[in-house]
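Welcome! Please take a look at the sequence and the 3D structure below, and then we will walk through them together.

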Amino acid sequence: MTTDNKKGSAVRRHRFSRMASLASLATRVAGGMLTEGARQLAQGNRPKAKDLLLTPDNARRITGQLAQLRGAAMKVGQLLSMDAGDLLPPELAAILARLRADASPMPPRQLVKVLEQELGPDWQQHFAQFGFNSMAAASIGQVHRAHADDGRPLAVKIQYPGIGASIDSDVDNVVTLLNISGLIPASVDYRELLFEAKRQLHAEADYELEARQLGTFANLLADDNDFALPQVDARLSTPRLLTMSYMEGCPIEQLEDHPQEVRDRAVGLLFALLFRELFEFRLVQTDPNFANYLYQPQSGRLVLLDFGATRAYPATISDGYRRLFTAALQQDTAGIEQALSQIGFFSRDIIPAQRQAVVNMVQLACEPVRNDAHYDFGNSDLAGRLRDAGTRLSMEQDYWHTPPADALFLHRKIGGLYLLASRLKANINLHRLLQPHLGSQV
């Protein structure tokens, strides 16, 4: 979620108005392409179609419109942008990535209507104070600071009106827009990805489900003093409104100014938690957004927020990743291929060179955990090398595919933690954190 420094804009609730907005967007983008094409031709250039689409003006048109619609129209761009190396050209990924931090809050009048619908016309009696300026706004909803009638500080997460009902059509409409662009190869079969994106978005729009997932994690981490989680106020929660205890803490990216040992400990705790989620809980919070974590300087605890993107992993997938990490650490190419097949990769025939390129990418991604030594994320260019390897795989070797949904969501989370580790210049021994989950073979 992003801090709200923007003027509110009403969320379009009805399917046809949302579809009309996307149609209008396509028209304006096409008009921008014609204008830019004429300018280029007048200069004696013969531009490619994608170069005309991916102009700064069109980038602003696309991200601006999707941010106004919020919901699935914005979220599908965020989901697709997280896997650019495997699915999308980097130019389009750059446009979509801007959506991660570009949400507009609801105006007060619309906000009050939502509160009346969820808590009744006398909703104000439940609060001693309610802040109308949102603390944060994202694709599904926004968060407000409040105080309960007994004085307890609260965080109230309020869903945008009509978002749940618009998910399926919004996803389909955005994909239609991307198809028109010609930037997604016709050979890419992304039906499973779209199905999983819709399923995930419906889950994230169910705040009662998120409340249960938050309770599950609270129980799983009840004896772990390194983490703190908010408590749900069930009396003031509905499927579209989630009220929780307000958690103090500073944004985790602000640890950039803290001592090295503080940064290393925070990043190490998040990686250790991810390994527990995948191999012990088989329940992973897959959203890599930095805003999901706060740091409490006095206690040294990490606050975990937002469990809407929690995903259960079957034993076969969890075991597949255990085998994958084990084989990668042992430089066992055959073992990596077998593990990838178990996870769901290589579901169609590919040539040996493509298969080897995927194996090479896995080995590259495992670089930080390969050796029993500290890995200096601050001085690593791993992210760039992974991006380049993914681009070469899809562009030069023509290996366009959609990865298994379980892998896609997990890789988003791992990639997000790598990015955080790089930003905080963490220097940690990930091998030692991972090894207990792999058994005695490594």
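This is a predicted model: local features need pLDDT of at least 70, side-chain atom pairs count only at pLDDT 80 or more; totals for chains, interfaces and linings use all residues.

Residues are numbered from 1 along each chain as its sequence is written, and side-chain values use heavy atoms, leaving out hydrogens and water.

**The whole protein**

- There are 17 helices and 14 strands in the protein; helices (H or I, at least four residues) and strands (E, at least two) are DSSP runs, numbered from the N terminus.
- Of the 442 residues, 54% are buried, a word that stands for under 20% relative accessible area, with exposed meaning over 50% and partly exposed in between (1.4 Å probe, protein chains only).
- Among contacts (heavy atoms within 4.5 Å) with a separation of 6 or more, 72% join residues 24 or more positions apart.

- An open sheet is formed by four strands in the order 6-11-10-8, with mixed pairing; two strands pair if DSSP finds at least two bridges between them.
- At the edges are strand 6 (227-228) and strand 8, each of which pairs on one side only.
- Strand 6 and strand 11 run parallel and are joined by two bridges, with Phe227 opposite Leu302 in strand 11.
- Helix 10 (residues 260-281) packs on this sheet and touches strand 6, strand 10 and strand 11. The direction of helix 10 makes about 45 degrees with that of strand 11.
- Strand 10 pairs with strand 11 (residues 301-304) in the antiparallel sense over four bridges, and Tyr293 stands opposite Leu304.
- Strand 8 (residues 250-251) pairs with strand 10 in the antiparallel sense over two bridges, and here Pro251 faces Leu294 as its opposite residue.
- In a regular strand, side chains alternate between the two faces of the sheet. Strand 10 (residues 293-296) is covered on both faces: Tyr293 and Tyr295 are buried on one side, and Leu294 and Gln296 are buried on the other.

**Helices side by side**

- The axes of helix 10 and helix 16 (residues 405-423) come within 10 Å and cross at roughly 165 degrees. Therefore helix 10 is roughly antiparallel to helix 16.
- Axes are lines fitted to C-alpha atoms, for helices over the stretch in contact, and angles run from 0 to 180 degrees between N-to-C directions. Angles under 35 degrees count as roughly parallel, over 145 as roughly antiparallel, 65 to 115 as roughly perpendicular and the rest as oblique.
- Residues that meet here include Val267, Leu270 and Phe271 in helix 10 and Leu410, Lys413 and Ile414 in helix 16.
- Helix 11 (residues 315-329) and helix 12 (residues 333-343) have axes that come within 8 Å and cross at roughly 165 degrees. This makes helix 11 roughly antiparallel to helix 12.
- Among the residues making that contact are Thr316, Ile317 and Asp319 of helix 11 and Gly335, Ile336 and Gln338 of helix 12.

**Residues in the loops**

- Leaving aside neighbours within four places in sequence, Ile252 is in contact with Leu270, Phe290, Tyr293, Leu302, Leu420 and Leu424.
- His126 sits in the loop between helix 6 (108-119) and strand 2 (127-130) and is buried, with a relative accessible area of 17%.
- Most residues other than glycine have a negative phi. Gln331, in the loop between helix 11 and helix 12, has a positive phi of about 55 degrees although it is not a glycine.
- Gln331 is partly exposed, with a relative accessible area of 44%.
- Asp306 lies in the loop between strand 11 and strand 12 (310-312), and its phi is also positive, near 65 degrees.
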